Amino acid sequence: MTSSTNARSYEPTPARTVAFLGLGVMGHPMAGHLALAGHSVTVYNRTAAKAQQWVDEFGATGTHRAAATPREAAAGADLVFCCVGNDDDLRSVVLGADGAFAGMRPGAVLVDHTTASAEVARELHAEARRLDLHFVDAPVSGGQAGAQNGQLTVMCGGDAEAFELARPVGMAFARAFTLMGASGAGQLTKMVNQISIAGLVQGLSEAIAFGQNAGLDMAQVLDVIGKGAAQSWQLDNRGPTMLQGKFDFGFAVDWMRKDLGLVLDEAKHNGSRLPVTALVDQFYADVQQMGGNRWDTSSLIARLGKK
């Protein structure tokens with residue numbers, strides 16, 4: 001077990017030469033699981049010190065290294081995995097003279113785990129096909145803990161051939177790795193996920209605040225209603241920590257607002273009406289104004305206060 005990646009067993013998979021671009025709180029452990037599963041991993045990060053830190057942590061066998069550019073990292077790789085911040089970050093590591101596409105061999109696959117727009121996924125898929133490459137949009141759910149434990153849910157969009165090449169390797173950090181449809185379908189599925197979470201966390205926040213104002217023992221209340229129809233992952237895992245005012249469990253408010261911005265933009269294009277999602281997005285803006293940019297998404301309760 002390493003400092004950032006929990007030990008787990010790995011399904012036997014032929015060793016591959018892979019690259020990983022972006023070593024943030026998600027990418028660092030995800031790349032680590034690839035290394036621990038026996039793949040040869042070259043990493044790139046915009047801050048070179050983070051790439052070297054990863055090599056120091058996982059590179060004892062000598063088969064893993066850091067690269068100075070995405071192009072160098074991708075050279076000779078069967079699969080290139082990527083997890084960066086947003087659409088512009090993604091384009092910066094994929095396109096251009098130093099981008100991953102410039103270094104990838106024909107037939108290689110780039111699997112993007114960034115939560116980005118469906119538009120950029122389709123754009124990069126088209127460019128990959130023009131270059132005789134493959135691109136799979138593959139955003140993840142499960143947060144920092146899921147990345148560290150190798151238990152992420154991966155939602156993919158793209159061609160079946162590329163997906164089948166990526167899935168056995170990507171299962172090193174996933175509990176589910178599923179093709180949802182054509183290019184962009186992975187990002188759209190992640191948007192559905194974020195819509196669901198936003199409404200659920202707001203409902204849980206209001207329920208807890210109501211119960212506290214009513215003078216109930218909310219630890220007992222959560223235990224009781226968690227055995228009935230109100231049960232959810234958020235209630236089981238974040239309900240108790242919300243009662244304690246602890247908001248340091250991974251997925252930050254800033255990231256959620258970025259994701260909900262993608263959701264609301266897409267809704268304008270496909271004609272969806274998302275009044276609750278739009279309202280919760282503004283509630284997260286309130287949390288940011290409270291200084292909670294890096295609090296996790298359960299911090300919605302903080303803006304309600306107590307009676």
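Reply: Start with a definition: buried means under 20% relative accessible area, exposed over 50%, and partly exposed in between (1.4 Å probe, protein chains only). The model is predicted: local features need pLDDT of at least 70, side-chain atom pairs count only at pLDDT 80 or more, and totals for chains, interfaces and linings use all residues. Residues are numbered from 1 along each chain as its sequence is written, and side-chain values use heavy atoms, without hydrogens and water.

Me: What makes α1 mostly covered?

Reply: Of its 10 residues, 9 are buried. Among them are Gly27, Met30 and Leu34. A helix here is a DSSP run (H or I, at least four residues), and a strand is an E run of at least two, numbered from the N terminus.

Me: Why does Phe163 count as buried?

Reply: Its relative accessibility is 6%. The limit is under 20%, so Phe163 is buried. Phe177, at 4%, is buried as well.

Me: Why is the pair of Phe251 and Trp255 called edge-to-face?

Reply: Rings of Phe, Tyr and Trp (its six-membered ring) pair if their centres lie within 6.5 Å; planes under 30 degrees apart count as stacked, over 60 as edge-to-face and the rest as tilted. Here the centres are 5.6 Å apart and the planes stand at 65°, so the pair is edge-to-face.

Me: How do you know that Trp255 is partly exposed?

Reply: Its relative accessible area is 26%. That lies between 20% and 50%, so Trp255 is partly exposed. Phe251, at 24%, is partly exposed too.
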